[in-house]
Structure formats: structure tokens, C-alpha cells
Amino acid sequence: MPSRQNVSKPFSSNAVIILITIALLLSIAQSAFAAEGQKASHPSEGLFLIQIILLVVSGRLLGEFMVRIGQPSIMGQIIAGIILGPSLFGLIFPHAQANLFPSDEAQKSMTDAIGQLGILFLLLLAGMETDLGLAKRLRKSAAGVSLTGIVIPFAAGFALGELIPDAFLPDPEKRLVTSLFLGTALSISSVKIVASVVREMDFMRRNIGQLIVASAIIDDTVGWVIIAITFGLAEKGTVDLMTLATSVIGTLAFMAVSFTVGRRIVFEIIRWTNDNFRSDLPVLSAIVAIMGGMAITTNLIGVHTVLGAFVAGILVGESPILTRQIEVQLRGLTTALFMPVFFGLTGLQTDLTVLADPSILLLTAAIVVIASIGKFGGAFAAAKFGGYSASEALALGCGMNARGSTEVIVATIGLSVGVLDEKLFSIIVAMAVITTMAMPPTLRWALARLPLREEERDRLEREEFESESFLGNFERILLTVDGSQSSRLATWIAAFFAVTRKMPVTVLDIQEPEDATNDSDDTTMIAAASQGRAVADDLRQCATELRASASPNHQDLASESDIHVTVREKNDSLETLLADVSDTGHDLLFMGIEPSMGEDGRFSTALQIMTSAFQGTSAIVTARGMLPESPQDLRILLPVSGTERSIRAAEFGLAIAKAAGAHCALLLIVEPRQVRAIPRISDRGNDQWDVLNKVGAIADYYGVEIEKVVQQGPSPELSILRHARSGKYNLIVLGVSKRASGSLSYGSVADTLLQTADRSCVFIETDLAASQAIRE
């Protein structure tokens, strides 16, 4: 396979040839539309399409080239616009460039509309990529880095704005607002650029990588608030205390409402749209509406729409369902259309020929130096004060010194409201390009010098386990109940996952009222919905009790507002209903219904129907004997045989044990020839050690102490029952997979336990194929 460098060389030359060819061909084609435009009194749609296609194609080609040489793709999109603008194409072929991108306001407004919409989609996507949890975990260190990294370059940029001659200002009377824009443009890092380089270097989960990204997140968040307020001032032209107070108070109120009740409202909109619409991509339309509504709200309170779009993205990204699917859909639309158009238009508006003026070139150099030293120095000093090493502080300073998309958007806003002119706009864009292109190589150099600390290694191992864990594949629970004891036990288990893994739960009561034959359909549905709401209330109550009784070291439990429970009416057949629910992101089914066993000794017909219709992973919960008074009184037995299926089931049981604070035992069943008459751990072979080590590592991850027992016996089911009785275990968790049969069967061990067990069991399917198919 050719190396990356060898591939880049032929691609770079071909990219330039293709770009020039496209520009020439389209300029020729444009002349026909230009002639048509001279006759018509309205802008040319054909010319508009030519402009969009040229920006998209050229941005894609140069973006691909930049990626291949280790630079962010948006740099290629900006450079494509610069090449097509007055800096190069207009300099060589001024007439052709003027015809291709005329200055007529009506014609420009068509592409500008796409660009303005692109800003909102870019901020929506940036918000979705913002990890608030990361910022919260590192809030002290990240806030210090972000604060000093903003204040120092902001003060320097503001001072520069106050000192530059009037000739560089579009309106000297608006010097204060221009200075604010300059300070903002010099002080904010681009979280998108920072995160992409850190991720590319495989440092996203390293301590310093997380601190860099968390600081950039705070930078971005604070920056957009500053930009929004500054925009409000720009419209007035001067600092009006009433306007400033209204903007600040309105912004704080908007943020407070958004991150409290707004989070819940956004989730409910996404959930309701996903569960009730049947047309293609309904959630995407809902998110566009959410973004638009929040952008309009910020506009009404006197700040810029970008703040509303950014906050909308954060709330959408925190939705506990469909996050990955939503991000893929939005990323495709934004990356393919809005990004190359917006950044290409930015390049078109940039006239680098102004740098031929020595005074402007000197000002550009000063801004680049001030921006770089201010950002690097602020981040470096904060890291050193925070107790980080010199190499870590060096990496942090290099990482924060990237502007990219953020500064380009700031400059575009400043140009649109008249506080920046073409010269200052071009200077800021040049600064953004220079600092952004310098950041990846310097950050790579700095990160390569960092050693891996011991505690950091342990954390990375835990995170790697979570990414590969069985339970990490699931996103949304469906709980089917009928008011039985099995329903109560299934409700407990669903509550465990709602609290510990923040998984939304949908409750479906499948019980038919006893007098259903005498009631109308509406009465039956109302009764079923009422029963479902009662179960939902029980689930919430159980979750609240779990949180109240949790040990102090379990600080990652879901809060009351993070527990999402929905009631679904049984308004169709089970087959149709479960197949429909499978298409709405539900990938884990808990079935707590009775009877669990049919007349043939196998699982009941209702369970067979549900497991066949549901496309995700199923867990049958069957209660036997007396249930304990509270979940904390559970005693869980985890039989394992060394198969991957049984180890996944053990993880499932350990997650329950962690949530409930329950006692848990691991029962390893081995063949008689593998163990002596009196089994001892030291007598086992490597396979048994591997099983114990694997499950022990999972138990350590969940923080659960387990009792390890080895039993010999030709009959695993008898060994399981014998130990469950002698150890007074009241819940057995068994990993199963379906067997080819006319009725529902999970094999002899599961069927025997179903028939003979005198204590509760959970039969969990541990084949991930079905749930992964849903996610794809």
C-alpha cells in the first residue's frame, strides 16, 4: 500500500489541475447566464447553482488535500474561496471573476442565505459535539485555563482596537464595538479544530487531551455568549447600559431555562417525534425546528441567533436516545453543503491583496503575534499554576492556539453588522488561517513528549472496557408488564438501568382487563394506559429509592430529571406493536409477564411472540417464591461456563448488583475431568483462570465484591439450583441464546430452570447481532 505522503503528492497536483479546469469551464458556462442576467430584472438561478457547485466541489477537493497533509478540512474550504476570490482568480482574471461572483446585491443574497443558514447548522453541530460532562469533570482546571486564555488575548485585542488609526475602522464612532469584536476574535479557540486534532492524535481520553478539549468547550461557550452580547451592542453602535443589561439578563435567563426545563422539553420533542412519525427522518426536521425556535428566541432578547443554535446543539447532543443517528444525519448535510459554501464564501470575501500595503501587513503580523502569545501564554500559565508539568503546560498552550471556524464566524458577523470593514475582515481571516494551520504540527510535537501516568493508564483501561462492554451497546428499554410479581421484578431491573446508565424506559402494559369483552375499545385502552402509568410511577419511585440508598462513591447516578419514563398504549397486536417499537430506537426488552411457562414446559406463547417480533435483545424476567421487600435484599447468582454468552450475562447481573447494592456470587461450572474430587481454584487449568479473571475484572469495574465458587457436575442446572438453595440466592441471571424449535427454547439448562426453579430467574439473550442491526 502506498504511504500517506506518496498518495498526497499526486493528489495535490491533480487537485490543482481539476480546480483550475472547473473554474475555467464554469466561468465559460457562466457567461451565458451573465448575458441572461443582463436581460432579466431578477437574479439568475443558473448562476446561483454554478456558484454553489463550484464552492462545494473546490472546497471538497482542497479540503481533501488539507486532510492528507495533516490539516483540518475547513482550511481547504477557506483557501478554495480565497483562490476563487479577488486574492488570486480575481487578480489574474478580474472580469471572469466579477462575472462569476457579481457584486449585485440580489444575486449575492442567494448565496449569502445559504451561508447564514450554514452558520446555524455549524453551531448546531458544534453544540452536539460539546461534551458538557467532560467540562464538568475538569471544571476547575479547564475554567482556569479558559479564563486566562480568554482574558489575556481579549485584553490585548481590545487594546489594539482602541489604538489602531481611524483609517482601519469602518466607522470610528463605533470603535468600542470594533474593539470588542477584535478582542473576541483573538481570544476564542475553535473547539471543532482542537477536538479533531486531539482525536486524530489518539489523545482524546488522555488527561491533557481532555483538559484541552474541556477548556476549548468553555472557551466556545463563553465566546458565543460574548459574541451574542457584542452583536446586540453593535446594532446600537454605542454602549447603552439598558441594552447591555437587557442582553446580559436575557442571555442568563435563556441559558438557565435551556439547561433546566429546556433539556427535558428537547428530549420529549425528539422522543415523541421519533415514536409517532412514520415518514423519513422526522427527528431531523424536529431538530431543525428546535434550532430555529431557540435561535429566534435569542434574536428576540437582543443577542445573536448563533447562541440559540449552539445551545440547541448541546441539548440535542445530551438526548439519551438516537444521538448517534442524529449526529450522522446532521453531519452529512452540514459537511456536504453548508460547510464548503459558508467557508468558501468567507474566502471569497477575503482580499489578501490588501496585505501588499506595508501598514496592513504589519497590523496582520501584530494581530497574529498578539493572538498566539496571548492564548499560548494564558493557557501555559494557568496549567503551571494548576500543578501540571512543563510538558503538559506546553501541550495545553499549543492546543488552545487554534481559531479556525470560530474566528471566521465572528469576522463574518462583524462584517455583516458593519463594525469590521473588508481590510479588518481579511486580517482576521488570515490570522485564523495562520494560527489554525500552525496548531496541528505544534500540538502533535508537544503531545508526543508526554509520558503516560499510572492513574491515567488505569482510567484508560476502564474506559476501554466500557466501550467494549455488552451493556454499552444499549440505548433504550422497553418494559412489558401485566401487573404480576414478575412485572414488579422487571420494573426493579428497569429502574436499575434507568438510574445507573441513564437509559429511557418505555412501559407497555399488555394485560387485558378481565371485563374487556363488555367494555368498549376506548375503555380498554384507557384502563391499560392507567395500569401502565401506575407501573411507570412505581419505576420512578424505585429509582428514587435507589438514589437515596446509594453509597457515596456512586456519584454517577442519574438525577431525578434524567430519569425518562414513557407509557405506551397497547393499541395493536403484540407482533405489530413490538415490531413498530423496534424501529424507534428500543434495543433492550424486559418481559415481566405471567405465566412464563406454557403447557409444553417451554416458554409461553406470549413470550415467544414478543421475542420473535422484537428486533433487539430480550430478557425474560420470571419471579418465583417471595420477592424481597426491597431491591437491596436481592442475592444474585451468576452461573458461568466460560462462554462469551455467560460472561456477558455476568456483566448484566453485576450491573444489577451495583445498582441495588446486592450480594453477588459467581458460580463457575466445569466438567468433572477438569477438576479434582475437591475443587480448588489452584487445581484449575488456564481456561478457568481466564473466566475468573474476566468476570473479576468486570466486577472491579462495577465496584462489586463477588464470591467466587467452582462446582463440578455433569448437570449444570442441578449445580445451579443446589448452590442457589444452599446460598439462599433469590435471583439467578443466566445468559441464553435461541434454539431452533417450534416453540421458544433456550436450551436444556434454561428450560430445566424454567420448569424447576423455586427462585426468580432472568434469562438474558446475549447475542448482539439483533441490537446492532437496529442501530445500523
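This is a predicted model: local features need pLDDT of at least 70, side-chain atom pairs count only at pLDDT 80 or more; totals for chains, interfaces and linings use all residues.
The rings of Y701 and Y702 pair: their centres are 5.1 Å apart and their planes stand at 80°, so the pair is edge-to-face.

Aromatic pairs in this model come to 12. One of them joins F470 and F474, with ring centres 5.2 Å apart and planes at 85°, so this pair is edge-to-face. F470 is buried at 2% relative accessible area, and F474 is buried at 7%. Ring pairs also link F497, F590 and F652 into a cluster. A ring can also have a charge over it: the charged end of R635 sits over the ring of Y729, 4.8 Å from the ring centre.

Now to the sheet. It is open and mixed in pairing, with 10 strands in the order β3-β2-β1-β4-β5-β10-β9-β6-β7-β8. The edges are β3 (565-568) and β8 (706-712); each has a single partner strand, so one side of each has no neighbour in the sheet. On average, neighbouring strands are turned by 20° against each other, direction ignored.

Inside this order, β9 (residues 731-736) and β10 (residues 760-765) pair in the parallel sense over six bridges. V733 stands opposite V762 in β10.

Helices pack on the sheet as well. Helix α24 (residues 605-613) touches β1, β4, β5 and β10, and its direction makes about 175° with that of β4. Helix α25 (residues 644-660) touches β4, β6, β7, β8, β9 and β10, and its direction makes about 165° with that of β6.

Conventions:
Residues are numbered from 1 along each chain as its sequence is written. Side-chain values use heavy atoms; hydrogens and water are left out. Rings of Phe, Tyr and Trp (its six-membered ring) pair if their centres lie within 6.5 Å; planes under 30 degrees apart count as stacked, over 60 as edge-to-face and the rest as tilted. Buried means under 20% relative accessible area, exposed over 50%, partly exposed in between (1.4 Å probe, protein chains only). A charge sits over a ring if NZ of Lys or CZ of Arg is within 6 Å of the ring centre and within 35 degrees of the ring normal. Two strands pair if DSSP finds at least two bridges between them. Helices (H or I, at least four residues) and strands (E, at least two) are DSSP runs, numbered from the N terminus. Axes are lines fitted to C-alpha atoms, for helices over the stretch in contact, and angles run from 0 to 180 degrees between N-to-C directions. Contact means heavy atoms within 4.5 Å.
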